[in-house]
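Please have the sequence and the model at hand while reading.

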Amino acid sequence: MRIVAGEFGSRKLETLKGTNTRPTLDKVREAVFSSLGGFFDGGNFLDVYAGSGAVGLEALSRGCRFAVLNDMSRDAYKVILSNVNKLKVEDRCKVYAVSDMKLLNLLSKKDMKFDLVYLDPPYAKEKNQKVMKKLCELDLLNDGAVVIVESLKEDVYDEEVADLTMVKVATYGISKVTYYRKKND
């Protein structure tokens, strides 16, 4: 696995051994970031189920100011920390190893807000809509924020979830990427 483009383009990343995580393929990451405009001028990124941290580190490489990377697996947490240290971006990200809901509550108490959120959990799709509702309920999204959901291509999501509206769906092999945008207040 590698960073596709930007400041850290082509740098290799450590991945978790075994089958407990399903890393986002380079081609899917490239397609996601291309559809978002390719590069960013600041903004905060959140990956609730980060695995190796590759998606969040790609966001930093492409210009996001700050990233929060979380995975409740202690092994994944160690891999994320290793990748963060390898790229020397400790001052540009925070890494957690807690459950999704605990993370969102913690970030709410810190008054954090995000411009991009990536959801790619290793379990049922119903959890994604619950997490999206909680992101809105806790006011963790800036106006115009984009929430990206990677899932199996068979998964179906509501057009509207809380303050989020589906704006695009793309399929890549067995994966589907669904984009939501937060309505402006």
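Lys127 and Asp100 form a salt bridge in which the closest N and O atoms are 3.4 Å apart, a salt bridge being a side-chain nitrogen of Lys or Arg within 4 Å of a carboxyl oxygen of Asp or Glu. This pair links distant parts of the chain, since Lys127 belongs to helix H5 (residues 126-137) and Asp100 to helix H4 (residues 100-109), 27 residues apart. Lys127 is partly exposed at a relative accessible area of 25%, whereas Asp100 is buried at 5%; buried means under 20% relative accessible area, exposed over 50%, and partly exposed in between, with a 1.4 Å probe and protein chains only.

Asp139 forms a salt bridge with Lys113, with 3.0 Å between the closest N and O atoms. Asp139 lies in the loop between H5 and E5 and Lys113 in the loop between H4 and strand E4 (114-119), so the pair ties together parts that are 26 residues apart in sequence. A further salt bridge joins the side chains of Glu160 and Lys183 (2.8 Å, N to O), linking strand E6 to the segment after strand E8 (175-182), 23 residues apart. Glu160 is partly exposed, with 42% relative accessibility, and Lys183 is partly exposed as well, with 37%. Salt bridges that share partners also join Glu30, Glu58 and Arg62 into one network, and a search of the whole structure finds eight salt bridges.

## Basis of the model

The model is predicted, so local features need pLDDT of at least 70 and side-chain atom pairs count only at pLDDT 80 or more, while totals for chains, interfaces and linings use all residues. Residues are numbered from 1 along each chain as its sequence is written, and side-chain values use heavy atoms, with hydrogens and water left out.

## Overall build

The protein has five helices and eight strands, where helices (H or I, at least four residues) and strands (E, at least two) are DSSP runs numbered from the N terminus. The radius of gyration, 15 Å, is close to the 16 Å that the globule rule gives for 185 residues, so the protein is as compact as a globular protein of that length; the radius is taken over C-alpha atoms, and the rule is 2.2 Å times the number of residues to the power 0.38.

Buried residues account for 52% of the 185 residues. Among contacts (heavy atoms within 4.5 Å) between residues at least 6 apart in sequence, 65% join residues at least 24 apart.
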